[in-house]
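Let's walk through this model together, starting with one residue and then widening the view. Please have the sequence and the structure open side by side.

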Amino acid sequence: MSNSITLTASMRTNLASLKSIQSQMDITQERLSTGKKVNSAIDNASSFYQARSLTNRASDLESLLDSMGQGIQTIEAANEGIEAITAYVEQLKSVADQAYALDVNADGYDDALAEYAEQFDKINTEIASLIEDASYQGINLLADGELKVTFNESRDNFFTIEGKDVKTEMGIAAATGTWTSATEVDASLTKIAEAKDFLRSYANELGNNYTIIQTRQDFTDAMIDVLETGADNLVLADMNEESANYLALQTRQQLAINSLSLASQSAQSVLSLF
């Protein structure tokens with residue numbers, strides 16, 4: 001003998017309606033709590049996997065932004081070095097100008113010239129020390145270092161900057177033992193002028209490279225926003241719409257409960273006849 005309880009057709013209809021409404025409310029609650037209309041492949045496989053692909057690419061590009069940022073810092077370190085070297089070169093010129101202006105017929109000319117040569121070499125030595133210290137994370141663009149910056153997630157698009165041996169390129173020789181007359185001092189002044197031209201040229205080159213990487217960094221940053229927005233459009237829920245849906249479902253649920261109650265009362269009325 002079966003122990004199941006027999007329900008009326010209207011009560012079964014109302015119970016089915018309540019189950020359906022509760023199921024929709026559960027879905028809406030999940031969307032409201034997560035902010036997403038697609039939380040798994042079950043919700044919408046196509047949108048879920050498209051969004052994941054876009055998000056993964058955005059994540060890959062995000063890691064490249066750090067590399068580009070470090071590349072920019074490496075260039076900035078080299079540029080700061082060039083500015084400091086340029087200041088030292090100006091000091092070299094000042095010392096050489098004073099040495100060149102010495103009166104060759106004055107007493108103590110050789111001693112004065114040797115003193116200026118010593119000052120000149122001290123400054124020149126500082127330039128070499130400064131170049132060594134212009135390294136950033138092991139890359140020194142002032143001492144033949146190489147900087148390689150990757151631009152895309154497949155790592156087949158990159159930008160390479162070949163550093164220069166600045167000390168050799170400048171070619172400013174020691175003055176001690178070399179400066180014996182105004183002619184040698186004048187030769188140093190010529191080298192100083194060439195060194196200044198080289199430094200300006202290299203600073204301009206580094207500036208152009210900086211702009212290239214900066215532009216690519218800005219582009220990558222914008223692409224990340226595009227990818228993330230595209231992914232969001234596929235999976236994010238409209239919170240205003242979901243809130244309105246939830247209120248409507250609550251109303252429907254209450255009506256269904258009232259309807260079930262009325263159906264139950266009808267059954268009780270029939271029972272009262274007995």
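Helices here are DSSP runs of H or I with at least four residues, numbered from the N terminus. Keep in mind as you look around that this is a predicted model. With that in hand, find helix α3, which covers residues 109-132 and holds Asp-121.

Asp-121 is buried, yet it has no salt bridge. The nearest side chain of opposite charge belongs to Lys-167, 8.3 Å away, whereas a salt bridge requires a side-chain nitrogen of Lys or Arg within 4 Å of a carboxyl oxygen.

Next, turn to the backbone. Most residues other than glycine have a negative phi. Gln-137, however, is not a glycine and has a positive phi of about 50°. You will find Gln-137 in the loop between α3 and β1 (146-150), and it is exposed, with a relative accessible area of 62%. Arg-155, also not a glycine, has a positive phi of about 60°; its place is the loop between β1 and β2 (158-162).

Now step back to the whole chain. Six helices and two strands make up its elements, in the order α-α-α-β-β-α-α-α from the N terminus. Of the 274 residues, 31% are buried. Among contacts between residues at least 6 apart in sequence, 77% join residues at least 24 apart. The protein exposes about 16200 Å², with carbon and sulfur atoms supplying 50% of that area.

Methods. Residues numbered from 1 in each chain as written. Predicted model: local features only at pLDDT ≥ 70, side-chain atom pairs only at ≥ 80, totals over all residues. Heavy atoms only, no water. Buried < 20%, exposed > 50% of the residue type's maximum accessible area, 1.4 Å probe, protein only. Lys, Arg positive; Asp, Glu negative; His and termini not counted. Contact = heavy atoms within 4.5 Å. Areas by Shrake-Rupley, 256 points an atom, 1.4 Å probe, with all protein chains shown as cover.
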